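Please keep the sequence and the 3D view at hand while reading.

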Amino acid sequence: MKKWLKMSMLLLLTAILIIPLAACGKDEVLNVRVAEVTRSIFYAPQYVALEKGFFEEEGLNVELTTTAGGDKTMTALLSDSADVALVGSETSIYVSAQGSNDPVINFAQLTQTDGTFLVSRNKIDNFSWDMLKGKTFLGQRKGGMPQMVGEFVLKKHGIDPQQDLDLIQNIDFANIAPAFASGNSEFVQLFEPTASVFEKEGKGYIVASFGTESGHVPYTTFMTKQSYIDENKETVEKFTRAIYKAQQWVETHSAKETAEAIKGYFDNTEPEIIEMVVDRYKSQGSFATDPILDTEEWNNLQNIMDEAGELPKRIEHGTLVNTEIAESVMK
């Protein structure tokens with residue numbers, strides 16, 4: 001009887017000691033729900049952060065959801081269906097213009113150029129932008145960053161999008177590539193990997209990069225509501241530190257190594273195409289090498305929006321951008 005009592009007390013004592021430890025370990029893992037605007041090789045550093053365990057190193061469990069579209073992504077964030085959104089910075093400006101009491105804050109930049117390319121139906125050895133004049137150009141959806149950057153670049157080269165070419169903008173994102181493949185238009189503005197796939201299959205040829213032509217712009221950033229930062233500052237810092245680790249990893253490793261790390265997110269894309277796309281984006285500086293969204297990039301974004309007639313009002317860099325978090329994790 002005494003032996004049984006001693007054994008019971010020992011088991012009870014062990015349970016008392018283990019339960020708090022287990023609870024403590026559980027509390028250390030913080031869940032972060034991320035809504036990405038689309039699944040894209042353009043976001044390679046994010047997938048590297050997931051695959052290389054950089055989020056786990058920070059005690060974070062990131063739940064990634066693809067929400068397919070800037071409006072849906074922002075809706076997920078504003079309705080608290082997501083904690084963090086990966087989307088174009090212009091969406092934070094649109095939300096602010098609607099008079100939000102809880103502004104959406106850009107805290108970590110992921111890509112710093114446009115990610116689209118100009119694709120010609122026919123191979124052109126010595127391309128010049130004036131070759132688009134009088135031609136049919138299949139552009140991106142009106143009001144989105146690809147379309148705004150596209151028109152900004154055309155104007156930069158002395159082309160009036162509305163007067164100098166036949167501009168088509170009434171086809172939704174998912175059907176732009178099929179429309180071009182079916183013979184609709186002589187030029188098209190496409191994201192990767194579609195542009196490279198078309199080139200490999202002989203359906204089109206990349207002749208220019210909108211990202212190279214438009215300069216640095218906060219094309220895709222991680223953002224969240226100010227209230228989330230106020231209540232979860234340490235979590236946001238951990239998240240940003242993981243992204244910074246991934247950005248540095250991509251910068252210091254080959255396109256092949258990056259492609260190998262992220263291939264699981266692109267089952268329907270050939271590994272050689274993934275590597276080709278990573279190399280193309282990396283060589284033109286599309287992947288930000290740190291999470292800081294600076295004033296010059298912010299102003300360039302608003303200039304592009306203004307030129308397209310889509311800027312509701314100019315907003316100071318410090319109003320919707322927090323660089324303190326990125327700066328602190330980089331020290």
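A helix axis is a line fitted to C-alpha atoms over the stretch in contact, and the angle between two axes runs from 0 to 180 degrees between N-to-C directions. Two packed helices are described by that angle together with the distance between the axes. The model discussed here is predicted.

**Packing of α2 with α11**

- Helix α2 covers residues 44–51 and helix α11 covers residues 233–252; the two pack at an angle of about 110°, and their axes lie 8 Å apart.
- Angles of 65 to 115 degrees count as roughly perpendicular, and α2 and α11 are therefore roughly perpendicular to each other.
- On the α2 side, the contact is made by Pro45, Gln46, Val48 and Ala49, while α11 contributes Ala242, Ile243, Ala246, Gln247, Trp249 and Val250.
- This contact of α2 with α11 comprises eight nonpolar and two polar residues, with no charged ones.

**Packing of α5 with α14**

- Helix α5 spans residues 90–97, and helix α14 spans residues 295–307.
- Their axes are 11 Å apart and meet at an angle of about 70°; α5 and α14 are therefore also described as roughly perpendicular to each other.
- Glu90, Ser92, Ile93 and Tyr94 of α5 touch Trp298, Leu301, Gln302 and Met305 of α14.
- Five nonpolar residues, two polar residues and one charged residue form the contact of α5 with α14.

**Packing of α8 with α13**

- Helix α8 (residues 194–201) packs against helix α13 (residues 271–283) at an angle of about 120°, with 10 Å between the axes.
- These two helices, α8 and α13, are therefore oblique to each other, and their crossing is right-handed.
- The contact involves Ser196, Val197, Glu199 and Lys200 from α8, together with Glu272, Ile273, Met276, Val277 and Arg280 from α13.
- By class, the contact of α8 with α13 holds four nonpolar, one polar and four charged residues.

**The largest pocket**

- Rolling a probe the size of a water molecule over the atoms shows where empty space is left.
- The largest pocket holds about 1300 Å³ of space.
- Its lining consists of 45 residues, and Val37, Thr38, Gly69, Phe173 and Phe191 are those nearest the centre of the pocket.
- Elements that each supply at least two lining residues include α4 (70–78), α6 (145–156), α7 (173–181) and β8 (187–191), as well as the helices α5 and α8.
- The lining of the largest pocket divides into 23 nonpolar, 15 polar and seven charged residues.

**Backbone details**

- Most residues other than glycine have a negative phi, and most peptide bonds are trans.
- The peptide bond between Glu192 and Pro193 is cis, with omega at about 5°.
- Pro193 is placed in the loop between β8 and α8.
- Asp80, a residue other than glycine, has a positive phi near 65°.
- Asp80 is found in the loop that lies between α4 and β3 (84–87).

Technical notes. Residues are numbered from 1 along each chain as its sequence is written. This is a predicted model: local features need pLDDT of at least 70, side-chain atom pairs count only at pLDDT 80 or more; totals for chains, interfaces and linings use all residues. Side-chain values use heavy atoms; hydrogens and water are left out. Helices (H or I, at least four residues) and strands (E, at least two) are DSSP runs, numbered from the N terminus. Angles under 35 degrees count as roughly parallel, over 145 as roughly antiparallel, 65 to 115 as roughly perpendicular and the rest as oblique. A crossing is left-handed if the near helix is turned anticlockwise from the far one by less than a right angle, and right-handed if clockwise. Contact means heavy atoms within 4.5 Å. Ala, Val, Leu, Ile, Met, Phe, Trp, Tyr, Cys and Pro count as nonpolar, Asp, Glu, Lys and Arg as charged, and the others, Gly among them, as polar. On a 1 Å grid over the protein atoms alone, a cavity is a set of points where a 1.4 Å probe fits but cannot get out, and a pocket is an open set with protein on both sides within 12 Å along at least five of seven lines; lining residues have an atom within 4 Å of a point. Grid points are joined across faces, edges and corners, and a volume is the space filled by probe spheres set on the points.
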